[in-house]
Amino acid sequence: MRSDGSQSAPLGLKVAAACGLLFLHLPILLIFVYAFTTEEKSFVWPPPGLTTQWFAVTWNRPDVWQALSLSVRVAAISTAIALILGTLCSAAVSRTKFFGRETISLLVILPIALPGIITGIALRSAFSLADIPFSFWTIVLGHATFCVVVVYNNAVARFRRTSGSMIEASMDLGADGFQTFRHVVLPNIATALLAGGMLAFALSFDEVIVTTFTAGQQQTLPIWMLEELIRPRQRPVTNVVAMVVVLVTLLPILAAYYLTRDGDQIAGSGK
Amino acid sequence: MSLDAAMPRATAPAILPGSGGLRGTLSDLFWRRPKVLLLLMLLPPVLWLGIVYIGSLFALLAQSFFSIDEFSGLINRQFTLKTYGDLFQAANLDIILRTVTMAALVTLASVAVAFPIAYYAARYARGRWKALFYLGIMLPLWSSYLVKIYAWKLILAKEGILTWLLAKLHLLWVLDAWLSLPVVGGNSLSVSFTGTFIVFVYVWLPFMILPVQAALERVPGNLVEASSDLGASPGQTFRNVLFPLALPGIVAGSIFTFSLTLGDYIIPQIIGTSRLFIGQAVYSQQGTAGNIPLAAAFTVVPIVIMGFYLWGAKRMGAFDAL
């Protein structure tokens, strides 16, 4: 380990930190091994043999594809809504000081600060009071609500680093409000928005607690997995899906990290 | 609004003429009246969150004051406190107590596991290692919640890797002795409170590491050096210097671990005993039992607990560490 040069960490601390990180990562790595196991009925370790046949089996399962497609559609639309609402809100909060500014920040953060079950059952009771039937849009309604905060956090952090004098300079040079937005503001916040959008997508793609309350009979991929966890039908297929989900969520997180790493390491701090 | 008439175009030649048309008018309007722009920017998010979210919360709150007719199973939409009275039945109090105890234990364990990682990342990791630590905490934080639970189902299963490892180390008797204990034990780890506890700690751990690391990064290194120069042992430095300075971060992290444990219903359902937690009680009351008023009253419990918790945390300055 490289240290500051001034002093090196005590051995006990190194061991404790390394064990902590292993504790965080080994369980996820285990999923990768189980995706190849030949065992069908139990979670036996070590796997009696390795095979790739379950990938083909999973590929031909229409229920997995349907769940995946619903999840992707929900995540895409929720992300789009969250991008618009989150950007507007962060621009307003960071550009101006106004009465109730703190309240607005709290309002944005609340859906993620309160346990998901509260958001879920609150939405469900609102749907039942208003006689709204469950549909694709009831899922989107819930997801967009808690995705706003991720976009908001990323955009606020970027606005804080973008100096307001650039906007003034653009105006002084004769650009109107829309030109300034298009040519000065947008390029500055684009990567933060991209990162926020990716994290919002990952958050929505993975969300299960709120979704169980707003989906009715529809199955998103996490709901499909939850069903499999409670009443296992074909364990190897679940293993493969779990591995694919890990890989699919890994990419946006890594991308979001590289997009925002210079300076503001705020990307996930509000999840 | 009459804009065109009052425009100072002619008197101030340094300012270009407006570009005209709807776009120009709008652009000028926003420049002259920033409040209009502010209002337009705030309106969509506030409307969305206000109607969808706050509206739903009020709908939920309203439901908790309704009651269920025990004979017909229909919901009686009249104000009553009877549903809140039902919360104080022995079985329901038991659920609340069990959940709060679990949340407290999970929080303490998360602090113990998170502190060394956060301390190392804040004080010793530099450059490439720092990025590695950051990703090492962010990746588990953002990877799929269900997949993480599933991984632990694989690990804790009777035929799984943990039993295999302990058998190789000839330590199986430790596991058997632990599982034969009354409350924490069970048939196997995946159907015991111990299993539930481990998975809770695992899933919420990154939420504790990040704020603790943020708090520790603000502690100047020379404070620690000064403490040892003045003759304090490492233990004394930790107790009297580091820990008090990291406390706001720990409290900030505990808001997440505590609140998330209070509201979760999936982890104890998949890995745990048949005894319920608040989240499961809410879920079964609104689902199979159809008693939405009681479910709503149950959700008010974590809201109230978290309200007090946040109030205390704010007094300790935890929000600055977020």
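Author: A residue counts as buried if 20 or more other C-beta atoms lie within 10 Å of its own, as exposed if 12 or fewer do, and as partly exposed in between, with C-beta atoms placed from the backbone. The model is predicted: local features need pLDDT of at least 70, side-chain atom pairs count only at pLDDT 80 or more, and totals for chains, interfaces and linings use all residues. Residues are numbered from 1 along each chain as its sequence is written, and chains are lettered from A and ligands numbered from 1 in the order in which they are written.

Reader: How many of the residues in chain B are buried?

Author: Of the 322 residues in chain B, 43% are buried.

Reader: What is the radius of gyration of chain B, and what would a compact globule have?

Author: The radius is taken over C-alpha atoms, and the globule rule is 2.2 Å times the number of residues to the power 0.38. A compact globule of 322 residues would come near 20 Å, whereas chain B has 27 Å. The C-alpha trace of chain B spans about 95 × 75 × 35 Å along its principal axes.

Reader: Which residues touch the most other members of the largest nonpolar core?

Author: In soluble globular proteins, nonpolar side chains tend to be buried together. A nonpolar core is a set of buried Ala, Val, Leu, Ile, Met, Phe, Trp, Tyr and Cys residues joined through C-beta atoms within 7 Å. The largest one has 166 residues, and B:Ala118 and B:Val212 touch the most other members. Helix α9 of chain B (residues 193–217) supplies the largest share of this core, 18 residues. Helices (H or I, at least four residues) are DSSP runs, numbered from the N terminus.

Reader: What does B:Ala118 contact, leaving aside neighbours within four places in sequence?

Author: Contact requires C-beta atoms, placed from the backbone, within 7 Å. The partners of B:Ala118 beyond those neighbours are B:Ile209, B:Val212, B:Gln213 and B:Leu216.

Reader: Where does α6(A) bend?

Author: A bend at a residue is the angle between axes fitted to the seven residues ending there and the seven starting there. For α6(A), the bend is about 30° at A:Phe146. Of its 26 residues, 21 are buried, so α6(A) is largely enclosed by the rest of the structure.

Reader: Is A:Gln53 buried or exposed?

Author: A:Gln53 counts as exposed, because it has 10 C-beta neighbours inside 10 Å. A:Gln53 lies in helix α2 (residues 53–59) of chain A.

Definitions and conventions
Helices (H or I, at least four residues) and strands (E, at least two) are DSSP runs, numbered from the N terminus. Two residues are in contact if their C-beta atoms, placed from the backbone, lie within 7 Å.
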